[in-house]
Amino acid sequence: MIKVSNISKSYGKEPVLKNIGFELLEQHTMSILGKSGCGKTTLLKILAGLENSDSGSFTIDGSDMLHMPPQRREVVYLSQEPLLFPHMTVEQNIGYGLRIRKISQNELVEKVEVMLNELGISEHRNKMPDQLSGGQKQRVAFGRALVINPKVILLDEPFGSLDAHTREDMQTLFLKIAELHHITALLVTHDVKEALIMGRKFARLDAGALTVYPDKKAFIAAPENGIKKEVGFWNELMKEHEQ
Amino acid sequence: MGIKGKFINTTSIILLLPIFGIMYLSFVSQWNYPRLFRDVWTGVNWVSTLSGQNNIMKSLGLSLFISSFVALTTTSTGFVLSRQLSQLKKANVWLSLSYFPYLIAPVVLGVMLQFYFIKFGLNGSVVGVLLAQMLFITPYSTIFFSAFWNKTIHDTVFQAHSLGASGRQVYWQIVLPLAKPWIFIGMFQCFLISWFEYGITQLIGVGKVATLTITTMQWVKEANPHLAAVSACLMVVPTLILLLINQRIFLKQKDLETA
Amino acid sequence: MAIGCGSNKTSEKQGVPNNWPEIEQKASNQTVTMMMWQGDPLINTYMKNFVVPTVKDKYGIDLEIVPGQGNQIVSTLISEQEAGAKTSQLDMMWINGETFYQLRKIKALHGPFVDRIPNNKYINWDSPFIRFDFQQEVDGYECPWGNVQLAIIYNSEYVENPPETLQELENWVKSNPGKFTIGNDFTGMTLLKSWLTFFAGGPEKIKGEFNEEVYRQSSEKLWAYINRIKPYFWNGGETFPSSVAQMHQLFANGEIWFTMSNNDSEVDNKINQGLFSENSRAYVPTYGAIQNSHYLGIAAKSDNKAAAMVVINYMISPEAQYQKMKPDVWGDHTILDIDRLPQEWKVKFNEIPGRQYAPQRSEIQENALMEPAPEYMIRLFSDFRTEVMEK
Amino acid sequence: MSKKITLVLYIVITSAPILAGLIYALLYSFGLIGILSKGFTLRYWKTLFSSDAALCMGYTLLLTMASIILILAISLILSYQLSKRPKSFLHKVLFIPLTMPPLIMAFAVFYWMSPGGIISRFLNQLGILEEIESFPRLVNDFWGVGIIITHVLLIAPLFTLLFTNQVKKEKLMDMADISYTLGGDATQFFRKIFIPVVLKRSKHLIVLYTIFLMGTYEAPLLLGRSTPRVLTIFITEKLSRYNLDDIPVAYALTSFYSVAIMITVQIFLTRSKNRSWA
């Protein structure tokens, strides 16, 4: 179980995160909805170990994460940019995390093979990143993260730079694979629909403060998320059309 | 079209003239006005140089040593320093410190520092010249590499960490491969700056550290354009060959510089 | 001898042993750095191909030559003093009167040492042109190396009767614009000193210590004269060559018809090298030309004084002086008194082939002028810039 | 912790020498140290703004401006032409001057363009030039023609390369078509769009090279006149003169020049956003 409590961070006098706390069960995905600049990237970076928090704690199954160097946390951060290693092929990129874990060559090849197939990119295995499309790159980035079986994946607007169509494909793909690999994930997005599709648990980050909703219903009902308003708009439109 | 084409062709020819000029001067002797050649071309300047009858070959060796050493040290120092700087909050402000030593004319820098070099017994020695050159080439190298450490590199580095790579692994497996073209070009640039240097080498070296530029100048002062030209050719031709081989890499560098 | 004994103690302190054999012993396998003007290929060749290998063979001394004129020597040694350097980068240097003056002033010269070197006994100390350097007694702080007289070189194809007086020169320059100039360098200033001597009213007037009044009056006339004919100089008098090498190049190109040399026999070796046309001749005008000697000094902070002394002793040996005096080697007149030399050397010196294109020494000796005090030179250098070049 | 050490090391490498050098130069220029020092005086600084030093500063500035303007003009035209003909031979040749040190370039210019040089000999052989005097004075001349030509040969090719790359990157030539559809002609495009865009993008670079040119040394050493002189020559000459009173003046100019550079860097380079860092 992931447990985050009282995490705060400020840049100078500017508070960015205020007493963030939540719990997340294994194999669950929590969607955090937030506008840009609400502190969501900072939160993920703290959890991943890229930045330090001023206070608070972060544990996975009871062991402290905040004082562990990022490479030992097994918390993988995925950003909007796929950030593939440009000097490695698709295969090498996906196998990178395994290679540094000194896994046997056979096992490595096998795992990478499985991942390539699951992601549907096996025909691109020998390509370099600059030969791939945006969606393909993002798949490789997922594969690279998932193949090492991390404890948590942190997704920072992972589909933000993709076009609408590719985006839907990727969302479905992620759900499929997350289930397959029993992934625990934290997703931040500004897109309500994406939050709803991907999440099992829901929260909202606003001006550095986190609200965790008890369930999906509460998330939909909360006026600040604007879902009701959106639905109202479409209903009105439908009604007008029907008349 | 015709006129403009001519313009480009003329420019091309003009750009070739300096190098043709020095090659020509190295193959003539007894160059009395208005003669262009005496009777035939002569290899005497080259023969005497290559057979070690003058100090040019010695200077070539010394220059190669100094410039290679300076290139290696300044490139590695600049690379490391620029990385550390890039992680600081006010990286830009810190970086601006590098502009001063790099932009002040080397000979004036030499004038300002001569006192200290003498004080520490470094004048007139190869070590002194190495140090003097490093004083302004290291900042250059730092500025050069600071452009490498952009957000994408930092994010990629973090990505590798996040996948479980240790600091050393990230450095060898991610950073260095990505930086390879930069390091290559940076080193070439630093080598050239040192290779081209005259002012501060003359001042701090007290003429004792006779690099190729110093030797060339000495022949010029002696009004012996022919040996000066041989010496000049030895400076230009190696860089030219290196450049022609690596023109594509060099082209890429221009991308880096404007980036 | 009296001076020698007196200086023994100080010399010991300065790292020079008391007697010559010990000095030679201490000198072996040392490296001596000598700073000298390297603007003349023949001189460089003489040093590189003759002196350097011989001192290596004979004494095991590595003589390292670095380029630098008098002013660079002065500024190098001044900077070292200011920085409080314990040892100097330079061991010995080739100097001239004004450098000698400056270096004495800042106490950068080692000495007296000349009376301690064996070949001192052959030096022609009777000649005032050797004993006095720019009116200053040498005092053992520098050792004479060669003696030269300024000679004007002209192309006899274009100039049939070279001007013998300043008036004639003025007329000639005005009727042949663009063909004459003065170098903004040591040689040029040496010519100006002979002109200054003329305007001062003769050598007697300018003798002795620097006299501000004499300088003011004579230099006023000098600048007026030069500025009057300057528009007819090479390049309209807008620029002046900055070195002898540049002057010679212009002369060889035919851009100018006069050049000059501090070495009266230079025209011979320049023609032999094929640099000057065979119609080139040298002469000394009737108003005279400065004759002076050039010297070798040892840096006070050299840590190799013994080796430097050995090198200097060799450089004034009959062997080295004889080689140097050959017109096709350098043509620099010896500072030794030939009459005092052993018979074999006497013969050899007398057999040195005469000059073909330059006047014989004996002919121009009567037109030789003494160097005035060094301040004249220093003032001429800076005033030439402000009074002529920048006007 | 190691970050702090690196930072200290960095400051020691970059700033300490400059600062130490500046302090020395300042002390010397105020007569506080040096072989002839007689205590504090403003004498040397006063001469800096009256005598030949002022002339030297003005001359350096003029020479720099003339060089940079010519360099910009030539590189702009060349890069425009090159962008239209990407496969030109010039592309290959542009690299050659980058392999030449300033000293060698100045040397080459001297022996091409002096009255006794190669061009003059050619003209003479062709019978066009009868006397060596009729050849125009292009080196060691008053206007610094030789120096400026050397600067142009050294820097214009580099600028042309960079500009051409800039144009490619910004797809500037595609804009030409837009400009034509809006009724502009080629000249208008060049003047109203090409030049401003390229110059704006290269501001940083232009300032950098202007500062470089202010400190030019080798070219004037070989091709300059005895008067007026550029700054670097002035300083080195004053330092090695028999008149020891000239040394503090040289240090005064040294201090003045380095402080001026620092201010320029502060104004033009640090404030303007270094894009690579953004």
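**Note on chain B and its interface with chain D**

1. Chain B has two domains, with domain 1 covering residues 1–42 and domain 2 covering residues 54–258. The model under review is predicted. Between the C-alpha centres of domain 1 of chain B and domain 2 of chain B the separation is 32 Å.

2. Where the two domains of chain B meet, nine residues of domain 1 are in contact with nine residues of domain 2. Together, domain 1 and domain 2 of chain B bury about 650 Å², and carbon and sulfur atoms give 85% of that area.

3. The polar side of this domain interface may be stated briefly. Two residue pairs are in polar contact between domain 1 and domain 2 of chain B, both residues being at pLDDT 80 or more. The side of domain 1 of chain B that touches domain 2 consists of six nonpolar and three polar residues, with no charged residues.

4. The contact between chains D and B draws on 87 residues of chain D and 85 residues of chain B. The area buried between chain D and chain B is about 8,000 Å², with 77% of it on carbon and sulfur atoms.

5. How many salt bridges are found across the interface of chain D and chain B? The number is zero, while five residue pairs, both residues at pLDDT 80 or more, are in polar contact between chain D and chain B.

6. On the side of chain D that touches chain B, helix H1 (residues 2–29) of chain D gives the most, with 15 residues. By class, this side of chain D comprises 55 nonpolar, 24 polar and eight charged residues.

Key:
Residues numbered from 1 in each chain as written. Chains lettered and ligands numbered in written order. Predicted model: local features only at pLDDT ≥ 70, side-chain atom pairs only at ≥ 80, totals over all residues. Heavy atoms only, no water. Contact = heavy atoms within 4.5 Å. Buried area = accessible area lost by both parts, 1.4 Å probe. Salt bridge = Lys/Arg side-chain N within 4 Å of Asp/Glu carboxyl O. Polar contact = N/O pair within 3.5 Å; in protein donor to acceptor, adjacent residues only side chain to side chain. Helix = DSSP H or I, 4+ residues; strand = E, 2+ residues; numbered from the N terminus. Nonpolar A, V, L, I, M, F, W, Y, C, P; charged D, E, K, R; others polar. Domains from an automatic or database assignment.
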